[in-house]
Amino acid sequence: MATTPAELSKAITELLEATGKDRPTLGLVPTMGALHSGHAALAAAARADNDVVVASIFVNPLQFDDPADLARYPRTLDADLELLGEAGVDLVFAPSEETMYPGGLPLVRVSSGSLGTRFEGAARPGHFDGVLTVVAKLFHCVQPQVPAEFRAYFGQKDAQQVALIRRMVADLNFPVDIYPVPIVRSGDGLAESSRNVFLGPADREAALSLSRALAQLQERAASGRPLDLPGAAALVSSAPGVELDYFEVVDPLTLDPLPAGAQDVLSGPALALVAAKVAGIRLIDNAELHG
């Protein structure tokens with residue numbers, strides 16, 4: 001495990017050179033810890049694709065607008081290291097807050113622009129600026145110092161995050177390829193999330209309304225029927241203890257609204273996004289739709 005950028009860079013160089021290849025591949029899996037099977041899937045995808053795999057564990061304070069939410073975020077380093085080791089990760093970068101932000105939180109940050117103020121950004125002001133700032137720093141820290149192909153893996157559950165990171169990479173010319181990994185769901189259909197640990201049995205049952213509503217939209221889209229987005233939203237809102245924030249169908253790449261009337265019967269790909277609080281716990285989910 002490396003805890004400083006210098007240790008990390010030295011270890012990455014040694015691992016890449018040990019492959020004996022002229023241009024090996026390096027995969028990065030950024031995380032905030034409290035890892036679950038969704039993170040294991042990210043690590044497994046990176047392991048399958050790359051010669052060397054690095055994962056990071058850092059609870060980024062810039063992503064939290066509520067100090068209480070930051071304070072209660074689970075810290076499970078030992079269990080996280082075990083999961084990553086079992087998934088075949090070669091090296092873990094676990095810096096302290098002082099290491100990532102020497103002298104305090106950074107004055108200069110990456111702006112997520114107008115997209116960062118919608119959906120999750122509307123509910124959590126500044127969240128995506130914090131995400132992009134720390135991801136930019138991680139890209140710099142992990143960037144190989146010897147010839148190598150650099151890739152980074154992110155979960156598709158955070159679709160808005162993936163879209164913004166892709167845009168940052170394109171806009172700021174980061175030499176890294178972004179690989180989204182499909183959502184991992186538990187046996188009952190709930191999208192895996194670190195926040196699921198806060199759900200009691202009844203809350204978890206209510207939370208299933210999100211995935212069920214998304215599945216309803218997928219079925220309607222595939223059969224060429226009108227989506228009935230209001231009906232899907234009502235399914236979520238009617239579940240006990242669920243407070244719906246948004247339920248939208250958007251362009252899968254830009255997350256822009258579909259043209260007027262395009263949501264009635266889809267003629268191409270789209271993405272359904274949903275967010276709700278279940279017993280006070282904020283959950284998000286999404287699903288690809290194909291007309």
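This dialogue walks through some features of a predicted model.

Colleague: What radius of gyration would a compact globule have with 291 residues, and what does the protein have?

Modeller: A compact globule with 291 residues would have a radius of gyration near 19 Å, and the protein has 20 Å, which agrees. Buried residues make up 51% of the 291 residues, and, among contacts between residues at least 6 apart in sequence, 72% join residues at least 24 apart.

Colleague: Now to the helices: by what are two packed helices described?

Modeller: Two packed helices are described by the angle between their axes together with the distance between the axes. In this structure, helix 9 (residues 201–222) and helix 10 (residues 229–237) pack at an angle of about 165°, and their axes are 8 Å apart. Because angles over 145 degrees count as roughly antiparallel, helix 9 and helix 10 are roughly antiparallel to each other.

Colleague: Which residues meet where helix 9 packs with helix 10?

Modeller: From helix 9 come S209, L210, R212, A213, Q216 and L217, and these meet L229, G231, A232, L235 and V236 in helix 10. Sorted by class, the residues of this contact between helix 9 and helix 10 are seven nonpolar, three polar and one charged. The crossing in which helix 9 passes helix 10 is right-handed.

Colleague: At what angle do helix 7 and helix 8 pack?

Modeller: Helix 7 (residues 127–142) and helix 8 (residues 159–172) pack at about 55°, with their axes 10 Å apart, and that angle makes helix 7 oblique to helix 8. On the side of helix 7 the contact is made by F128, V131, L132, V135, A136 and F139, while helix 8 brings Q160, Q161, L164, I165, M168 and V169. The contact of helix 7 with helix 8 has 10 nonpolar residues, two polar ones and no charged ones. The crossing of helix 7 and helix 8 is right-handed.

Colleague: Where is D90 found, and which residues is D90 in contact with, leaving aside neighbours within four places in sequence?

Modeller: D90 is found in the loop between helix 4 (77–86) and strand 3 (91–93), and it is partly exposed, with a relative accessible area of 37%. Leaving aside neighbours within four places in sequence, D90 is in contact with L15, R47, D51, V52 and V53.

Colleague: And what is the place of D251?

Modeller: D251 sits in the loop between strand 6 (242–250) and strand 7 (269–278), where D251 is partly exposed with a relative accessible area of 28%. Not counting residues up to four places away in sequence, D251 touches D256 and L258.

Notes:
Residues are numbered from 1 along each chain as its sequence is written. This is a predicted model: local features need pLDDT of at least 70, side-chain atom pairs count only at pLDDT 80 or more; totals for chains, interfaces and linings use all residues. Side-chain values use heavy atoms; hydrogens and water are left out. Axes are lines fitted to C-alpha atoms, for helices over the stretch in contact, and angles run from 0 to 180 degrees between N-to-C directions. Helices (H or I, at least four residues) and strands (E, at least two) are DSSP runs, numbered from the N terminus. Angles under 35 degrees count as roughly parallel, over 145 as roughly antiparallel, 65 to 115 as roughly perpendicular and the rest as oblique. A crossing is left-handed if the near helix is turned anticlockwise from the far one by less than a right angle, and right-handed if clockwise. Contact means heavy atoms within 4.5 Å. Ala, Val, Leu, Ile, Met, Phe, Trp, Tyr, Cys and Pro count as nonpolar, Asp, Glu, Lys and Arg as charged, and the others, Gly among them, as polar. The radius of gyration is taken over C-alpha atoms; the globule rule is 2.2 Å times the number of residues to the power 0.38. Buried means under 20% relative accessible area, exposed over 50%, partly exposed in between (1.4 Å probe, protein chains only).
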